[in-house]
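Please find below a colleague's note, arranged as numbered points. It takes the chain as a whole, then the packing of helices, then individual residues.

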Amino acid sequence: QQWYDAFLHWNKRTSGNIETINVAEQDLWTPTFAAKSFQRSPRIQNTKQCTRVKCHLSYDGEVIYTVLCTFTVDCYTEARYWAFDTKICTLRIYSVEYDTNQLSLFHFQRRLSYPSYSLLPYKITSFQMATVNSTMSPEFRMDIVIERLVGSHLVVFLVLIVMFCFLNLFSLWFSIDTSARTIAVVLGTVMQGMFLVILYWYGMVKMKPVITLAHLLLGSFALGVIAFGWTYYARGQITSRKGCTECPLAVIQTISCLRKNRPLTSFLSIGYLNGSIKKDTLSPEWEDNLPEANRQTQVRNLPQDDDTASTTNDDSDVTWQDMVQPVDRILFCAMLTMYLLMFIVYVF
(Lines give C-alpha, C1' and ligand atoms only; values in the text may rest on other atoms or scores of the structure.)
Protein backbone atom coordinates (compact mmCIF):
# COMPACT_ATOMS: atom_id res chain seq x y z
CA GLN A 1 0.00 0.00 0.00
CA GLN A 2 1.13 3.53 -0.69
CA TRP A 3 -0.18 6.89 0.43
CA TYR A 4 1.01 10.41 1.35
CA ASP A 5 0.88 11.89 4.80
CA ALA A 6 1.26 15.70 4.84
CA PHE A 7 2.34 15.67 8.49
CA LEU A 8 5.25 13.29 7.92
CA HIS A 9 7.76 15.17 5.81
CA TRP A 10 11.10 16.84 6.44
CA ASN A 11 13.77 18.82 4.68
CA LYS A 12 16.40 16.36 3.55
CA ARG A 13 19.03 19.11 3.12
CA THR A 14 18.93 20.01 6.79
CA SER A 15 18.71 16.32 7.83
CA GLY A 16 21.91 15.01 6.31
CA ASN A 17 20.34 14.09 2.95
CA ILE A 18 18.23 11.38 4.55
CA GLU A 19 15.48 10.50 2.09
CA THR A 20 13.94 7.27 3.46
CA ILE A 21 13.64 5.81 6.93
CA ASN A 22 12.07 2.65 8.35
CA VAL A 23 9.50 3.23 11.04
CA ALA A 24 7.41 0.97 13.23
CA GLU A 25 3.81 0.23 12.36
CA GLN A 26 2.62 1.65 15.67
CA ASP A 27 4.13 5.07 14.86
CA LEU A 28 2.10 5.53 11.69
CA TRP A 29 -1.49 5.74 10.70
CA THR A 30 -2.34 2.61 8.76
CA PRO A 31 -5.71 1.77 7.26
CA THR A 32 -7.42 -1.44 8.26
CA PHE A 33 -9.17 -3.54 5.65
CA ALA A 34 -11.39 -6.57 5.63
CA ALA A 35 -11.62 -9.30 2.99
CA LYS A 36 -14.63 -11.33 2.04
CA SER A 37 -15.51 -13.66 -0.81
CA PHE A 38 -18.04 -12.47 -3.31
CA GLN A 39 -20.07 -15.61 -2.75
CA ARG A 40 -22.58 -15.93 0.04
CA SER A 41 -20.04 -16.63 2.72
CA PRO A 42 -20.38 -15.08 6.20
CA ARG A 43 -16.67 -15.34 6.83
CA ILE A 44 -14.90 -11.96 7.11
CA GLN A 45 -11.11 -11.79 7.19
CA ASN A 46 -9.15 -8.74 8.32
CA THR A 47 -5.62 -7.50 7.77
CA LYS A 48 -4.72 -7.56 11.45
CA GLN A 49 -3.54 -11.14 10.99
CA CYS A 50 -1.03 -10.18 8.30
CA THR A 51 2.67 -10.73 8.84
CA ARG A 52 5.99 -9.35 7.61
CA VAL A 53 4.99 -5.75 8.12
CA LYS A 54 7.38 -3.17 6.66
CA CYS A 55 6.92 0.63 6.73
CA HIS A 56 9.07 2.95 4.64
CA LEU A 57 8.69 6.73 5.09
CA SER A 58 10.11 9.20 2.57
CA TYR A 59 11.00 12.85 3.15
CA ASP A 60 8.06 14.05 1.02
CA GLY A 61 5.51 12.20 3.19
CA GLU A 62 5.20 9.09 1.03
CA VAL A 63 4.45 5.96 3.03
CA ILE A 64 5.00 2.50 1.57
CA TYR A 65 3.28 -0.06 3.74
CA THR A 66 4.02 -3.70 2.86
CA VAL A 67 2.32 -6.66 4.48
CA LEU A 68 1.87 -10.35 3.65
CA CYS A 69 -1.73 -11.45 3.94
CA THR A 70 -3.34 -14.80 3.30
CA PHE A 71 -7.00 -14.87 2.38
CA THR A 72 -9.30 -17.81 1.76
CA VAL A 73 -11.50 -17.48 -1.30
CA ASP A 74 -14.72 -19.50 -1.36
CA CYS A 75 -15.51 -19.50 -5.05
CA TYR A 76 -17.42 -22.76 -5.23
CA THR A 77 -19.65 -24.77 -2.95
CA GLU A 78 -19.12 -28.34 -4.17
CA ALA A 79 -15.55 -28.93 -5.29
CA ARG A 80 -16.33 -32.51 -6.25
CA TYR A 81 -18.49 -31.42 -9.18
CA TRP A 82 -16.04 -28.82 -10.45
CA ALA A 83 -13.98 -30.70 -12.98
CA PHE A 84 -13.30 -29.70 -16.58
CA ASP A 85 -14.13 -26.03 -16.17
CA THR A 86 -12.74 -22.73 -14.98
CA LYS A 87 -14.00 -20.65 -12.09
CA ILE A 88 -13.88 -16.91 -11.49
CA CYS A 89 -13.34 -16.35 -7.79
CA THR A 90 -13.98 -12.80 -6.63
CA LEU A 91 -12.46 -11.42 -3.45
CA ARG A 92 -13.62 -8.11 -1.92
CA ILE A 93 -11.12 -5.98 0.02
CA TYR A 94 -12.83 -3.01 1.64
CA SER A 95 -12.47 -0.61 4.55
CA VAL A 96 -14.69 -1.05 7.58
CA GLU A 97 -13.79 2.26 9.30
CA TYR A 98 -13.90 4.85 6.50
CA ASP A 99 -16.22 5.75 3.68
CA THR A 100 -15.41 7.01 0.20
CA ASN A 101 -15.31 10.64 1.40
CA GLN A 102 -12.59 9.85 3.92
CA LEU A 103 -10.55 7.31 2.01
CA SER A 104 -10.00 6.77 -1.71
CA LEU A 105 -8.46 3.65 -3.17
CA PHE A 106 -6.47 3.35 -6.38
CA HIS A 107 -4.64 0.39 -7.85
CA PHE A 108 -1.56 0.34 -10.05
CA GLN A 109 -1.55 -1.61 -13.31
CA ARG A 110 1.41 -3.74 -12.45
CA ARG A 111 2.21 -7.17 -13.82
CA LEU A 112 1.28 -9.74 -11.23
CA SER A 113 2.99 -13.07 -10.84
CA TYR A 114 1.46 -16.12 -9.23
CA PRO A 115 3.03 -19.49 -8.60
CA SER A 116 1.88 -22.70 -10.27
CA TYR A 117 2.35 -26.01 -8.50
CA SER A 118 2.21 -29.14 -10.66
CA LEU A 119 1.05 -31.35 -7.81
CA LEU A 120 -2.03 -29.27 -7.09
CA PRO A 121 -5.22 -30.05 -9.04
CA TYR A 122 -5.65 -26.41 -10.11
CA LYS A 123 -3.75 -23.36 -11.30
CA ILE A 124 -4.36 -19.60 -11.51
CA THR A 125 -4.65 -18.49 -15.12
CA SER A 126 -5.36 -14.76 -14.66
CA PHE A 127 -5.64 -12.17 -11.94
CA GLN A 128 -7.41 -8.82 -12.25
CA MET A 129 -8.00 -6.03 -9.78
CA ALA A 130 -10.43 -3.14 -10.03
CA THR A 131 -11.56 -0.27 -7.84
CA VAL A 132 -15.26 -0.15 -7.01
CA ASN A 133 -16.63 3.37 -6.51
CA SER A 134 -20.32 2.57 -6.39
CA THR A 135 -20.29 1.42 -2.78
CA MET A 136 -20.31 3.49 0.41
CA SER A 137 -16.99 2.12 1.60
CA PRO A 138 -13.76 2.02 -0.41
CA GLU A 139 -13.43 -1.35 -2.04
CA PHE A 140 -11.10 -3.36 -4.21
CA ARG A 141 -12.45 -6.26 -6.21
CA MET A 142 -10.06 -8.99 -7.26
CA ASP A 143 -11.15 -11.49 -9.92
CA ILE A 144 -9.10 -14.67 -9.81
CA VAL A 145 -9.59 -17.12 -12.68
CA ILE A 146 -8.77 -20.67 -11.59
CA GLU A 147 -8.54 -23.68 -13.87
CA ARG A 148 -8.87 -27.17 -12.50
CA LEU A 149 -6.15 -29.54 -13.73
CA VAL A 150 -8.20 -32.69 -13.68
CA GLY A 151 -6.84 -34.14 -16.91
CA SER A 152 -3.33 -34.80 -15.59
CA HIS A 153 -4.67 -36.46 -12.45
CA LEU A 154 -7.06 -38.65 -14.42
CA VAL A 155 -4.24 -39.72 -16.73
CA VAL A 156 -2.09 -40.75 -13.77
CA PHE A 157 -4.95 -42.73 -12.24
CA LEU A 158 -5.77 -44.35 -15.58
CA VAL A 159 -2.14 -45.37 -16.15
CA LEU A 160 -2.05 -47.05 -12.74
CA ILE A 161 -5.26 -48.94 -13.51
CA VAL A 162 -3.83 -50.12 -16.85
CA MET A 163 -0.71 -51.32 -15.02
CA PHE A 164 -2.85 -53.30 -12.60
CA CYS A 165 -4.73 -54.85 -15.53
CA PHE A 166 -1.49 -55.94 -17.17
CA LEU A 167 -0.30 -57.36 -13.84
CA ASN A 168 -3.45 -59.49 -13.56
CA LEU A 169 -3.03 -60.77 -17.11
CA PHE A 170 0.72 -61.26 -16.79
CA SER A 171 0.37 -63.34 -13.60
CA LEU A 172 -1.46 -66.07 -15.53
CA TRP A 173 1.67 -66.73 -17.60
CA PHE A 174 3.65 -67.92 -14.58
CA SER A 175 3.57 -71.54 -13.53
CA ILE A 176 0.96 -72.06 -10.87
CA ASP A 177 3.28 -73.90 -8.47
CA THR A 178 6.01 -71.23 -8.41
CA SER A 179 6.58 -68.31 -6.09
CA ALA A 180 6.48 -65.83 -9.00
CA ARG A 181 2.80 -66.66 -9.58
CA THR A 182 2.02 -66.27 -5.89
CA ILE A 183 3.82 -62.92 -5.59
CA ALA A 184 2.20 -61.52 -8.74
CA VAL A 185 -1.33 -62.56 -7.76
CA VAL A 186 -1.13 -61.54 -4.11
CA LEU A 187 0.68 -58.26 -4.79
CA GLY A 188 -1.76 -57.29 -7.54
CA THR A 189 -4.83 -58.06 -5.43
CA VAL A 190 -3.59 -56.21 -2.34
CA MET A 191 -2.40 -53.14 -4.23
CA GLN A 192 -5.63 -52.92 -6.22
CA GLY A 193 -7.65 -53.15 -3.01
CA MET A 194 -5.70 -50.32 -1.37
CA PHE A 195 -5.80 -48.13 -4.47
CA LEU A 196 -9.54 -48.81 -4.84
CA VAL A 197 -10.24 -47.43 -1.37
CA ILE A 198 -8.11 -44.35 -2.12
CA LEU A 199 -9.89 -43.71 -5.43
CA TYR A 200 -13.37 -43.94 -3.93
CA TRP A 201 -12.38 -41.61 -1.09
CA TYR A 202 -10.75 -39.14 -3.49
CA GLY A 203 -13.77 -39.20 -5.78
CA MET A 204 -16.32 -38.65 -3.02
CA VAL A 205 -14.33 -35.95 -1.21
CA LYS A 206 -12.11 -34.20 -3.74
CA MET A 207 -12.93 -34.93 -7.36
CA LYS A 208 -16.19 -36.38 -8.66
CA PRO A 209 -14.91 -37.62 -12.08
CA VAL A 210 -12.60 -40.06 -10.31
CA ILE A 211 -15.63 -42.16 -9.32
CA THR A 212 -15.82 -43.53 -12.88
CA LEU A 213 -12.20 -44.64 -12.70
CA ALA A 214 -12.92 -46.20 -9.32
CA HIS A 215 -15.69 -48.28 -10.92
CA LEU A 216 -13.23 -49.34 -13.61
CA LEU A 217 -10.70 -50.36 -10.98
CA LEU A 218 -13.43 -52.26 -9.14
CA GLY A 219 -13.93 -54.46 -12.20
CA SER A 220 -10.18 -55.05 -12.46
CA PHE A 221 -10.06 -55.87 -8.75
CA ALA A 222 -12.87 -58.42 -9.19
CA LEU A 223 -10.96 -60.13 -12.00
CA GLY A 224 -7.82 -60.11 -9.87
CA VAL A 225 -9.74 -61.80 -7.05
CA ILE A 226 -10.91 -64.46 -9.52
CA ALA A 227 -7.32 -65.11 -10.61
CA PHE A 228 -6.25 -65.26 -6.97
CA GLY A 229 -9.04 -67.71 -6.11
CA TRP A 230 -8.25 -69.93 -9.09
CA THR A 231 -4.56 -70.00 -8.17
CA TYR A 232 -5.31 -70.92 -4.56
CA TYR A 233 -7.80 -73.64 -5.56
CA ALA A 234 -5.63 -75.19 -8.28
CA ARG A 235 -2.54 -75.31 -6.07
CA GLY A 236 -4.59 -76.98 -3.37
CA GLN A 237 -5.82 -79.62 -5.82
CA ILE A 238 -2.34 -80.27 -7.16
CA THR A 239 -0.72 -80.68 -3.75
CA SER A 240 -3.45 -83.02 -2.49
CA ARG A 241 -3.32 -86.74 -3.29
CA LYS A 242 -6.86 -86.76 -4.57
CA GLY A 243 -6.22 -83.89 -6.93
CA CYS A 244 -3.32 -85.66 -8.62
CA THR A 245 -5.51 -88.51 -9.81
CA GLU A 246 -8.95 -87.03 -10.38
CA CYS A 247 -10.31 -84.08 -12.31
CA PRO A 248 -13.95 -83.06 -12.97
CA LEU A 249 -15.33 -84.70 -16.08
CA ALA A 250 -17.03 -81.46 -17.19
CA VAL A 251 -13.70 -79.64 -17.26
CA ILE A 252 -12.08 -82.44 -19.23
CA GLN A 253 -14.89 -82.51 -21.78
CA THR A 254 -14.75 -78.71 -22.18
CA ILE A 255 -11.00 -78.71 -22.83
CA SER A 256 -11.35 -81.66 -25.20
CA CYS A 257 -14.09 -79.86 -27.12
CA LEU A 258 -11.93 -76.75 -27.49
CA ARG A 259 -9.00 -78.82 -28.69
CA LYS A 260 -10.96 -79.98 -31.70
CA ASN A 261 -10.04 -76.64 -33.26
CA ARG A 262 -6.49 -76.50 -34.54
CA PRO A 263 -5.75 -72.79 -33.65
CA LEU A 264 -7.23 -73.23 -30.17
CA THR A 265 -5.09 -76.30 -29.65
CA SER A 266 -1.95 -74.33 -30.47
CA PHE A 267 -2.94 -71.53 -28.08
CA LEU A 268 -3.90 -73.83 -25.21
CA SER A 269 -0.59 -75.64 -25.56
CA ILE A 270 1.54 -72.52 -25.02
CA GLY A 271 3.77 -73.06 -22.01
CA TYR A 272 4.56 -70.78 -19.08
CA LEU A 273 7.23 -68.10 -19.05
CA ASN A 274 9.13 -69.76 -16.20
CA GLY A 275 8.42 -73.42 -17.02
CA SER A 276 9.09 -75.99 -19.65
CA ILE A 277 6.47 -77.07 -22.15
CA LYS A 278 4.89 -80.36 -21.19
CA LYS A 279 3.25 -82.79 -23.53
CA ASP A 280 -0.44 -82.48 -22.92
CA THR A 281 -2.50 -85.58 -22.28
CA LEU A 282 -5.47 -84.03 -24.05
CA SER A 283 -3.56 -83.00 -27.20
CA PRO A 284 -5.09 -84.79 -30.19
CA GLU A 285 -3.13 -86.67 -32.79
CA TRP A 286 -4.04 -85.20 -36.12
CA GLU A 287 -4.66 -88.23 -38.22
CA ASP A 288 -5.13 -86.22 -41.38
CA ASN A 289 -1.36 -85.74 -41.57
CA LEU A 290 -0.74 -89.47 -41.74
CA PRO A 291 -0.67 -91.36 -45.05
CA GLU A 292 -3.91 -93.01 -46.06
CA ALA A 293 -2.42 -96.51 -46.09
CA ASN A 294 -1.04 -96.20 -42.55
CA ARG A 295 -4.39 -94.86 -41.35
CA GLN A 296 -6.26 -97.85 -42.77
CA THR A 297 -3.73 -100.25 -41.29
CA GLN A 298 -4.17 -98.67 -37.86
CA VAL A 299 -7.93 -98.92 -38.14
CA ARG A 300 -7.80 -102.62 -39.05
CA ASN A 301 -5.40 -103.52 -36.25
CA LEU A 302 -7.43 -101.78 -33.53
CA PRO A 303 -9.93 -104.04 -31.74
CA GLN A 304 -13.50 -102.88 -31.47
CA ASP A 305 -13.50 -102.79 -27.68
CA ASP A 306 -10.38 -100.59 -27.49
CA ASP A 307 -12.30 -97.40 -28.44
CA THR A 308 -14.45 -97.39 -25.35
CA ALA A 309 -11.59 -98.51 -23.15
CA SER A 310 -9.18 -95.86 -24.46
CA THR A 311 -11.71 -93.04 -24.02
CA THR A 312 -12.42 -94.12 -20.49
CA ASN A 313 -8.74 -94.49 -19.68
CA ASP A 314 -7.85 -91.08 -21.17
CA ASP A 315 -10.46 -89.28 -19.10
CA SER A 316 -9.46 -91.07 -15.95
CA ASP A 317 -5.74 -90.48 -16.45
CA VAL A 318 -6.08 -86.68 -16.77
CA THR A 319 -4.85 -84.92 -13.60
CA TRP A 320 -5.07 -81.35 -12.39
CA GLN A 321 -1.48 -80.75 -13.46
CA ASP A 322 -2.56 -81.39 -17.05
CA MET A 323 -5.61 -79.14 -16.77
CA VAL A 324 -4.07 -76.07 -15.13
CA GLN A 325 -2.25 -74.81 -18.22
CA PRO A 326 -5.25 -74.82 -20.62
CA VAL A 327 -7.51 -73.38 -17.92
CA ASP A 328 -5.01 -70.53 -17.44
CA ARG A 329 -5.15 -69.79 -21.17
CA ILE A 330 -8.96 -69.80 -21.14
CA LEU A 331 -9.01 -67.53 -18.08
CA PHE A 332 -6.52 -65.19 -19.79
CA CYS A 333 -8.79 -64.85 -22.84
CA ALA A 334 -11.85 -64.26 -20.66
CA MET A 335 -10.11 -61.57 -18.57
CA LEU A 336 -8.71 -59.88 -21.66
CA THR A 337 -12.19 -59.75 -23.19
CA MET A 338 -13.65 -58.28 -19.99
CA TYR A 339 -10.93 -55.63 -19.84
CA LEU A 340 -11.58 -54.60 -23.43
CA LEU A 341 -15.30 -54.31 -22.77
CA MET A 342 -14.74 -52.25 -19.60
CA PHE A 343 -12.43 -49.78 -21.32
CA ILE A 344 -14.77 -49.44 -24.28
CA VAL A 345 -17.66 -48.65 -21.93
CA TYR A 346 -15.47 -46.15 -20.05
CA VAL A 347 -14.43 -44.34 -23.24
CA PHE A 348 -17.86 -44.14 -24.80
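**Note on the predicted model**

1. Of the 348 residues in the chain, 33% are buried (under 20% relative accessible area with a 1.4 Å probe, counting protein chains only; exposed is over 50%, and partly exposed lies in between). The model is a predicted one, in which local features need pLDDT of at least 70 and side-chain atom pairs count only at pLDDT 80 or more, while totals for chains, interfaces and linings use all residues. Residues are numbered from 1 along each chain as its sequence is written, and side-chain values use heavy atoms, with hydrogens and water left out.

2. Eight helices and nine strands form the secondary structure of the chain; these are DSSP runs numbered from the N terminus, with helices being H or I of at least four residues and strands E of at least two. Among contacts with a separation of 6 or more, 74% join residues 24 or more positions apart, a contact being heavy atoms within 4.5 Å. The accessible surface of the chain is about 22,500 Å², and carbon and sulfur atoms contribute 59% of that surface; the area comes from the Shrake-Rupley method with a 1.4 Å probe.

3. Helix 2 (residues 179-205) packs against helix 3 (residues 210-239) at an angle of about 155 degrees, and their axes are 9 Å apart. Axes here are lines fitted to C-alpha atoms, for helices over the stretch in contact, and angles run from 0 to 180 degrees between N-to-C directions. Helix 2 is therefore roughly antiparallel to helix 3 (over 145 degrees; under 35 counts as roughly parallel, 65 to 115 as roughly perpendicular and the rest as oblique). The contact of helix 2 with helix 3 comprises 19 nonpolar, nine polar and two charged residues. In this classification Ala, Val, Leu, Ile, Met, Phe, Trp, Tyr, Cys and Pro are nonpolar, Asp, Glu, Lys and Arg are charged, and the others, Gly among them, are polar.

4. Helix 3 also packs with helix 8, at an angle of about 175 degrees and with axes 11 Å apart. Helix 3 is therefore roughly antiparallel to helix 8. The residues in the contact of helix 3 with helix 8 are 19 nonpolar, five polar and one charged.

5. Helix 4 (residues 249-258) and helix 8 (residues 320-347) cross at roughly 65 degrees, their axes coming within 11 Å. Helix 4 is therefore roughly perpendicular to helix 8. On the helix 4 side, Val251, Ile252, Ile255 and Leu258 meet Met323, Pro326, Val327 and Ile330 of helix 8. This contact of helix 4 with helix 8 has eight nonpolar residues, with no polar and no charged ones.

6. Is Arg181 buried or exposed? Arg181 lies in helix 2 and counts as buried because its relative accessibility is 0%. Leaving aside residues up to four places away in sequence, the residues that Arg181 touches include Trp230, Thr231, Tyr272 and Asp328.

7. Thr51 belongs to strand 5 (residues 51-58) and, at 42% relative accessibility, counts as partly exposed. Beyond residues up to four places away in sequence, Thr51 touches Val67 and Leu68. The C-alpha atoms of Thr51 and Val67 are separated by 6.0 Å, although the two residues are 16 residues apart along the chain.

8. Asn17 sits in the loop between strand 1 (2-4) and strand 2 (20-22), and counts as exposed because its relative accessibility is 57%.
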